Amino acid sequence: MSERETWSTNLGFVLAAIGSAVGLGNIWRFPWLTAENGGSAFLVVYLGLVVAIGVPGLVAEFVIGRRGHRDPVGAFRALSRSRWWPVVGVYAVGTTLLVLTFYSVVGGWILRYTVGSLTGAYVADPATYFGTVSFGPEAVVAHLVFLGVVGAIIATGVSGGIERSSKAMMPAIVVLLGGLAVWAFSLPGAAGGYEFFLSFDVATLRENFLAILGPAAGQALFTLSLGAGSMLTYASYLDRDESLPADATVIAVANTLIGVLTGLVVFPLLFSQGLPPGSGGEGALFIALAEAFASLPAGGVVAPLFFGVVLLAAVSSAISMLETPVAYLVDEHAVPRRRATLGVVGLLAVTGSATALAPSAFGLIAGTLADLALTGGLLAFVVFVGWVLGRDAVDEYRAGAGSLSTPLAGAWHALVAWGLPVVLGFTLLTSLASLAGVALGVELRVALTLGALVVVRTLVRMGRERRPVAGAD
Ligand code: PFF
């Protein structure tokens, strides 16, 4: 493994991880779900979950990745010696493929809107434009171009491709978004947007808390790229002298700030044009934004900048997803990086094209299935870190983290071993029940979650006794 690639600097890793986190999740999925789930009430639950689940969960993924020093499958194999844990790695690799299947289709939309902003293609009729661009043969072509760009970066390698491109893209995103937020502030009627986004309504929150929980948790994971093994893979290229909790905090804060900054562009812009974000589904934001840009005097200049930012964000997230299956092929099957990239891109070209031709499959994958896959993935990761790695996880947390981390490490581990499995298990069950159309009371769901965790814990302990891990407690 001595030839395995690494980041050239810790800053490079942090920027690449921020690049993974900041993406269509912040810019497209977040306003879409916020609008669908009661505006600021959703924002509050989501922010709470980013702090309570997101940051400790991110550290857990980093711990597996850095300690395993391999792709997700290899990391679980190296750290557990159980035949079953690598299956979780396979599941994670599958999740990145599943998410990319719709993500690159939306990436293709953004590409079309960026070019369309320059040519004025959507000005006359934004709704019809979205119809032409979103699904069908044109969507297939745009998605293939997007995938090609992402593939080219990944083929170039970790420090040369991912790190170098992230160092250029991240500052560009922040500067451009900041400028756009100032511009949006100057629009007449922008205040309505701030109110929708930032005012806090306790009644809506109280009435809808449980309904909001599933989508808000899914979004908190989605936005931090958690549960898919991408962050695990990025951390596998790290040395042991960096602080994982500090890096995770910086990444989560930067991601949240960029998310909020995006909201400060999108919502004032929409409200200023009398286009409050309704519950029009995944296309509403595109149509509304295009309408707003089409009717504003400065729209012709601002629109390409805006969609350009979105494009950069989409590319930097998609590369983290593509890196995961590529790392798997490179680490586990010794496939050369370029050939591995070509193979995975070939597969995604097929699955993504199918999604670009099937709007109903797209909706299912982009919403419920992605949420479920990520929640299930992170649940398995935290159970592994909490119950299988045990003290080794605490050691890994502390490596490079300085003396301040000593008291925090124990609290983090307790949260990962007990708090997160319960919350994630409950969320998973709630989402599964609503997908199946089964109504289960809260008490029953709590009881089922706890029961399932007891069973899993027993299985984990049995597996541990049968096949002890070398060097572990
Ligand atoms: N965090 C990305 C976004 O918000 O757009 C999406 C994402 C990237 C999800 C990587 C999962 C993943 F592994």
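The radius of gyration here is taken over C-alpha atoms, and the globule rule is 2.2 Å times the number of residues to the power 0.38.

**Entry 1: overall build.** I began with the rule above: for 473 residues it puts a compact globule near 23 Å, and the protein agrees because its radius of gyration is 22 Å. A note to myself: this is a predicted model, where local features need pLDDT of at least 70, side-chain atom pairs count only at pLDDT 80 or more, and totals for chains, interfaces and linings use all residues. Residues are numbered from 1 along each chain as its sequence is written, and side-chain values use heavy atoms, with hydrogens and water left out. I then looked up the extent of the C-alpha trace, which spans about 70 × 50 × 45 Å along its principal axes.

**Entry 2: secondary structure and contacts.** I found 19 helices and 0 strands (DSSP runs numbered from the N terminus: H or I of at least four residues for helices, E of at least two for strands). For contacts (heavy atoms within 4.5 Å), I looked at pairs with a separation of 6 or more: 83% of them join residues 24 or more positions apart. I also noted that 58% of the 473 residues count as buried (under 20% relative accessible area, with exposed over 50% and partly exposed in between; 1.4 Å probe, protein chains only).

**Entry 3: Leu221.** Where does Leu221 sit? I located Leu221 in helix 10 (residues 202-223). Leu221 counts as buried because its relative accessible area is 1%. Beyond four places in sequence, its contacts include Ile53, Leu226, Leu374 and Leu424.

**Entry 4: salt bridges.** How many salt bridges does the whole structure hold? My search gave 11 (a side-chain nitrogen of Lys or Arg within 4 Å of a carboxyl oxygen of Asp or Glu). I picked out Glu396 and Arg67, which meet at 2.7 Å, N to O. That pair links distant parts of the chain, with Glu396 in helix 17 (residues 391-398) and Arg67 in helix 3 (residues 40-68), 329 residues apart. Glu396 is buried at 1% relative accessibility, whereas Arg67 is partly exposed at 27%.

Entry 5: Glu163 is buried at 1% relative accessibility, while Lys167 is partly exposed at 34%.
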